[in-house]
Amino acid sequence: MIDLRSDTVTKPSDKMRAAMAAAEVGDDVFGEDPTVNRLQERAAQVFEKEAALFVPTGSMGNEIAVKLHTKPGHEIVIEERGHVLNYELGAAALISGVTIRPVKSGDGSGHLTWEEIEPALHINQAYYVAPTALICLENTHNFAGGSVMTADHCAAVCEKAHAVGLPVHMDGSRIFNAAVALNTNVADLTRHCDSVMFTLSKGLGAPVGSMLLGTRAFIDEARTLRKRLGGGMRQIGILAAAGLIALEDGPKRLYEDHENARALAEGLAEIPGISIDRSKVQTNIVIFDVSGTGTTAGEICRRLKDAGVLAIGISKTQVRMVTHCDVKRADVDKTVTVVAGLLSE
Ligand SMILES: *Cc1c(COP(=O)(O)O)cnc(C)c1O
């Protein structure tokens, strides 16, 4: 099977498994797991933030951030296709008691400008309007097709947000993909964000884990909240050992995933009935429209599966394919051939 459903499907490498087997461990609830501590220190260093916390999932990292930045009854602002709104099952309402105000991205990139954000804000308004407490950004933007937000764009939004007293959380699940595509580093891409989450278990190849970053005081509170949510874990140096390799080695080869995504997009663009905006394929996510094929995304995915290729229909007319470290160039070429064959039948 060629599995293009997500970059979460990667299997830990032999090097990771060896490091996991050999990992020095301790009880992390007591702060005594040396490998977790090393991972947290290293992540903080890479992002040039004061501190970092290992969390089991990106969703937990995002939701801890939402909780720490808000009070019940507050509102948070996010682009309308954002993960925190659409794919965290109402957790912000459940855990933090906040409402989410979705805002449409005018250029379709998923990256809101301050001009788009500002009209959605409730600051110093009447007492009967829920005050805005947080702006949540996403880089790369998953359902906008892995689009990248530049460091300048992020800095500009943060500067304006801070000027009106609002914190900014960066859902940087795939921030390393953005850094590679923009030829910059993750510290510059998140420098002015009050908190950042990134994921070890996507393109970076670890089996489990995300990291939450911020000030030391923020991370101290985050640790308490992680425990309250049932996320206090014990000898997780086993996972952190894989995470350390993901953090050091993972980013170095992401350019291959981006090259493969571009090749995939170019191949698919040649197929009658498929429409794809190649300029939108900036990282490792390829979303294409199948309206012109006379069939649905769901049906195409079912037939692809029978032919040995896994993809996800993200709407009736759109299919998403994601490249990752377990996808080779030959797999991309085969995928294009399979899709072309299937649609010419
Ligand atoms: C994958 C993802 C997350 C976190 O997902 P988990 O499955 O909870 O680890 C958060 N934000 C974005 C944009 C993502 O793509």
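**Entry 1: ground rules and helix 14**

I take the expected span of a helix as 1.5 Å times one less than its number of residues. Helices (H or I, at least four residues) and strands (E, at least two) are DSSP runs, numbered from the N terminus. My notes rest on a predicted model, where local features need pLDDT of at least 70, side-chain atom pairs count only at pLDDT 80 or more, and totals for chains, interfaces and linings use all residues. Residues are numbered from 1 along each chain as its sequence is written, and side-chain values use heavy atoms, with hydrogens and water left out.

I began with helix 14 (residues 329-344): its 16 residues should span 22 Å at 1.5 Å a residue, and its end C-alpha atoms are 23 Å apart, which agrees.

Next I asked which residues of helix 14 are buried. I use buried for under 20% relative accessible area, exposed for over 50%, and partly exposed for what lies in between (1.4 Å probe, protein chains only). The buried ones are Val332, Thr335, Val336, Val338, Val339 and Leu342. Down the axis of helix 14 these buried residues fall within an arc of 165°, so they line one face of the helix. That arc is taken over the directions from the helix axis to the C-beta atoms. On the other side of helix 14 I found Ala330, Thr337 and Ser344 exposed.

What covers the buried residues of helix 14? I count a contact as heavy atoms within 4.5 Å. The cover includes strand 1 (2-3), helix 12 (254-269), helix 13 (297-306), strand 10 (309-310) and strand 12 (318-322).

**Entry 2: Val336 up close**

I picked Val336 from helix 14. Val336 is buried, with a relative accessible area of 16%. Leaving aside neighbours within four places in sequence, Val336 is in contact with Leu264, Gly267, Leu268 and Ile271. I also looked at Ala263, 73 residues from Val336 along the chain: the two C-alpha atoms are separated by 9.3 Å.

**Entry 3: Gln40**

I then turned to Gln40, in helix 2 (residues 34-47). Is Gln40 buried or exposed? Its relative accessibility is 9%, so Gln40 counts as buried. Not counting residues up to four places away in sequence, Gln40 touches Ala52, Leu53, Phe54, Met211 and Arg226.

**Entry 4: the largest pocket**

Time to look for empty space. Rolling a probe the size of a water molecule over the atoms shows where such space is left. My terms: on a 1 Å grid over the protein atoms alone, a cavity is a set of points where a 1.4 Å probe fits but cannot get out, while a pocket is an open set with protein on both sides within 12 Å along at least five of seven lines; lining residues have an atom within 4 Å of a point. Grid points are joined across faces, edges and corners, and a volume is the space filled by probe spheres set on the points.

The largest pocket has a volume of about 350 Å³. I found 19 residues lining the largest pocket, with Phe143, Ala144, Lys280, Ile287 and Gln318 nearest its centre. Strand 9 (residues 285-289) gives the most to this lining, with 5 residues. For classes, Ala, Val, Leu, Ile, Met, Phe, Trp, Tyr, Cys and Pro count as nonpolar, Asp, Glu, Lys and Arg as charged, and the others, Gly among them, as polar. The lining of the largest pocket then divides into 10 nonpolar, 5 polar and 4 charged residues.

**Entry 5: the cavities**

How many cavities of 30 Å³ or more does the structure hold? I get 2.

The largest cavity has about 60 Å³ of space. Its lining includes Ile78, Glu79, His111, Glu138 and Met149. Strand 5 (132-138) and strand 3 (75-79) each supply at least two lining residues, and strand 5 has the largest share, with 3. By class, I note 5 nonpolar, 4 polar and 2 charged residues.

The second largest cavity has about 30 Å³ of space. Helix 8 (residues 175-182) gives the most to its lining, with 3 residues. Among the lining residues are Arg174, Phe176, Asn177 and Lys202.

A cis peptide bond joins Asn139 and Thr140, with omega about 0°. Thr140 is in the loop between strand 5 and helix 7 (151-163).

Leu89 is not a glycine, yet its phi is positive, near 55°. I placed Leu89 in the loop between helix 4 (83-86) and helix 5 (91-96). At 84% relative accessibility, Leu89 counts as exposed.
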